[in-house]
Amino acid sequence: MRTRCAKNSKIQKKKEQSFIKNDGIENWVELDTVIGRQGGKSIMTINFTLCNFMVGFLLDFNRSSEVSKTFDSLRKKFSDNNLDFDSIMPVVLTDNGSEFS
């Protein structure tokens, strides 16, 4: 099973790299979650690949509604500080986790 996941992950990574290269995208972020305990809290990580910086946000539940709340909060904080959210995060890459649906 691990080999299959690793193979699919490599294929997905190649597709992402091709998309980024073909569209001339120079800046993107990658999202993932680290799940502590099933049904418990998790950490959503945002990796800013341009500067190799990663930040984590504690989520009460590993659900898409929690991810949406976090992004709404980020958009507001960016806006309050005259920062353009879409230029800082023009492309957001995620895996197929249900928390990103």
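## Overview

Of the 101 residues in the protein, 30% are buried (under 20% relative accessible area with a 1.4 Å probe, protein chains only). This is a predicted model, in which local features need pLDDT of at least 70 and side-chain atom pairs count only at pLDDT 80 or more, while totals for chains, interfaces and linings use all residues. Residues are numbered from 1 along each chain as its sequence is written, and side-chain values use heavy atoms, with hydrogens and water left out.

The secondary structure comprises 3 helices and 4 strands (DSSP runs numbered from the N terminus: helices H or I of at least four residues, strands E of at least two). Their order along the sequence is α-β-β-β-α-α-β.

## Strand pairing

Strands β1 (residues 29-35) and β2 (residues 42-48) are antiparallel and share 7 bridges; pairing requires at least two DSSP bridges between two strands. D32 lies opposite T45 in β2. The hairpin of β1 and β2 has 6 residues between the strands, and G39 there adopts a positive phi near 85°.

β1 also runs parallel to β4 (residues 92-93), joined by 2 bridges. Here E30 is opposite L93 in β4.

Beyond its neighbours within four places in sequence, F71 is in contact (heavy atoms within 4.5 Å) with L31, M44, I46, F85 and M89.

Technical notes
Buried < 20%, exposed > 50% of the residue type's maximum accessible area, 1.4 Å probe, protein only.
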